[in-house]
Amino acid sequence: MTEEKGINFIEEIIEEHLKEGKYQQIITRFPPEPNGYLHIGHASSICLNFGLTLKYGGYTNLRFDDTNPVTEETEYVESIKEDVKWLGFEWKNELYASDYFDTLFQFAMRLISKGLAYVDDSTSEEIAHLKGTPTAAGKNSPYRDRTVAENQDLFERMKNGEFKDGTKTLRAKIDMAHPNMLMRDPVLYRIKHAHHHRTGDKWCIYPMYDFAHGQSDSIEEVTHSICTLEFVPHRELYDWLIEKLEIYPSRQYEFARRNLTYTITSKRKLLQLVNENHVTGWDDPRMTTISGMRRRGFTPESIRDFCTRIGVAKRENMVDMSLLEFCVREHLNKIAVRRMVVLDPLKLIITNYPEGQSEEVFSENNPEAENSGGTRSIRFSRELWIEKEDFMEVPAKKWFRLAPGAMVRLKSAYIIRCDECVKDSTGNIVALHCSYIPESKSGHDVSGISTKGTIHWVSAAHAEKAEVRLYDRLFSVENPVADEGDFLSHVNPRSLQVIPEAYIEASLKDAAKGEKFQFIRKGYFVVDDDATAEHLVFNRTVTLKDTWDKERKK
RNA sequence: UGGCCUAUAGUAUAAUGGUAGUACAACAGAUUUUGGUUCUGUCUGUCUUGGUUCGAAUCCAGGUAGGCCAACCA
């Protein structure tokens, strides 16, 4: 057996760097902008950045890229910290680009004194116009040749708040004919008389991404600054600024962002879903935000496993949602205890079982766990609830659940035979009359009968009730943003089905928020945050694989 | 009439000049007191054309296809 190395291209680069002694330790950072909640795409980046320093030695900083005060809020900072922690990672330092505003201002002054930056009085429209297009060179701004002294004075006065928003910018002086648009005298600083979530009203000029991100990396001596592919063109500017500033040479590496079928990973669009009430909030269980997935019942282990499995590369991709679901099921199968819950009830009366009598049966908590996770006691009696869908008056091919004359095992209890289905005046089936085989009790079965089907049930007299929320994918098409049309038109109208009163077995009564279960034959469920002592609420995390469903559709 | 990035089964990802492999999905079967789990098997792939080489998914060139770049967003 040869152990597959299977390292990705970034690990390859790092191993090379380590081998040649370029770095003693690896320093990465996870740099979210606090203007929204983290989603599955960020999870990928978090696992990559933190995973790398865990694997190769070193550390990872959590750095908020908070250079745009108008969109950023403390609420987002808090949620981001919670989500990273929940995913299972620890950052070395909690940092903010805004911590560096003084240094960044000095950096800008350094560039000005080197004649490599200038204050421009052009409007944004004029700047855009003079920028040219990807296929046509730009033209120099009329303010491009101001003297160093003049630029220093003007920039100082920008900082002092002497000018209105949008009236002046600081620009790098590079090359207006550069084939890379980002090198055509990029804006470094803009005026915004806005309140910042951390620096308050201290500043009225704020650095742009390109003059903050790489510099922050450098200040922190980040060795490998990992970002997504759309920043590839920025790398030239990233390197130019570091070189001209003569500061620590952090290096940027880009990988392709992960796309997942049936979801969107655009903060703007996620915000729209929230603001327009298509979902109940950022943590709506249908959202593929980290907080949404947490509330849905996904585990950090399963998300990390997913991120490992999808890997890291540089090509456009669309990862199958079924892989995420597989990872979730695989973990939950191991840890979730089994319980019986009837979602769509049909009364089943065992006519040969004495009225008013009940007895105790035992059921394993988790067949996957050691010693089956122990057993629990369940009350069995004459009247039960079963799922409507477990009975067919006219059985389909290969049907081995209940049908007139058919026998099934009641999970952990007795084998029963269906004798009669009772209908109301309009022909709806309202109950099933069955008889049980007394010597077939689970664990003491001497009946000699074997059944193909086993169904779950809850004793009517002993059942508790709970609200159950069945979630399905939020979008009904694989790629909701594929066409130019409104992605909202692809929202799945049946992404949430609420069952106000499902019958749950009594042992579920004390389930705590966040506790995870497998409802036998129905799927994995978690107690929702909305639950109270009086009113239990379960979210369906994911269904079980259903090979009968496939058979049925044939 | 620009620059940059990318191209391996349906999807994602390995193979780093030497037997194209893994996972998910799909399909078939075995086991099963969950039509779950587990196990076994099957199916499908190097974008294209040249070149270098004993040998190319890998290196080179052309083509094709997809993506990114013209916010005082990140």
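Serine 372 counts as partly exposed because its relative accessibility is 22%, where buried means under 20% relative accessible area, exposed over 50% and partly exposed in between, computed with a 1.4 Å probe on protein chains only. Serine 372 is found in the loop between strand S13 (358-364) and strand S14 (375-381), and although it is not a glycine, it has a positive phi of about 55 degrees. Helices (H or I, at least four residues) and strands (E, at least two) are DSSP runs, numbered from the N terminus.

Glutamate 246, which is not a glycine either, also has a positive phi of about 55 degrees. Glutamate 246 lies in the loop between helix H8 (234-245) and strand S9 (251-255), and with a relative accessibility of 61% it counts as exposed.

## Basis of the model

This is a predicted model, in which local features need pLDDT of at least 70 and side-chain atom pairs count only at pLDDT 80 or more, while totals for chains, interfaces and linings use all residues. Residues are numbered from 1 along each chain as its sequence is written, chains are lettered from A and ligands numbered from 1 in the order in which they are written, and side-chain values use heavy atoms, with hydrogens and water left out.

## Overall form of chain A

Chain A has 13 helices and 25 strands. Its radius of gyration is 31 Å, well over the 24 Å that the globule rule gives for 554 residues, so chain A is more spread out than a compact globule; the radius is taken over C-alpha atoms, and the rule is 2.2 Å times the number of residues to the power 0.38. Along the principal axes, the C-alpha atoms of chain A fill a box of roughly 100 × 55 × 45 Å, and buried residues make up 53% of the 554 residues in the chain.

## Sheets and strand pairing

Seven strands form an open sheet with mixed pairing, in the order S10-S23-S24-S25-S21-S22-S11, where two strands pair if DSSP finds at least two bridges between them. Strand S10 (337-339) and strand S11 (341-342) stand at the edges with a single partner strand each, so one side of each is left without a neighbour in the sheet. The pairing of S10 with strand S23 (residues 516-519) is parallel and runs over three bridges, and the bridge partner of arginine 339 in S23 is phenylalanine 519.

Strand S18 (residues 429-436) runs parallel to strand S12 (residues 345-350), to which four bridges join it; here cysteine 434 in S18 is the bridge partner of isoleucine 350. S18 is also joined by seven bridges to strand S17 (residues 415-423), and these two strands run antiparallel, with isoleucine 416 opposite tyrosine 436 in S18. The hairpin of S17 and S18 has five residues between the strands, and in this hairpin glycine 427 takes a positive phi near 90 degrees.

## Cysteines

The structure holds zero disulfides, a disulfide being a pair of cysteine sulfur atoms within 2.5 Å. Cysteine 307 is in no disulfide, and the nearest cysteine sulfur, that of cysteine 47, is 3.9 Å away; cysteine 307 counts as buried at 7% relative accessibility. Cysteine 327 is likewise in no disulfide, with the sulfur of cysteine 307 as the nearest cysteine sulfur at 8.9 Å, and at 1% relative accessibility cysteine 327 counts as buried.

## The surface near RNA strand B

RNA strand B is surrounded by 68 residues, the closest of which are Glu12, Arg315, Arg338, Arg401 and Ser442; a residue is near a strand if one of its heavy atoms lies within 4 Å of it. These residues divide into 23 nonpolar, 21 polar and 24 charged, where Ala, Val, Leu, Ile, Met, Phe, Trp, Tyr, Cys and Pro count as nonpolar, Asp, Glu, Lys and Arg as charged, and the others, Gly among them, as polar. Of the atoms of RNA strand B within 4 Å of the protein, 60% belong to sugar or phosphate and the rest to bases.
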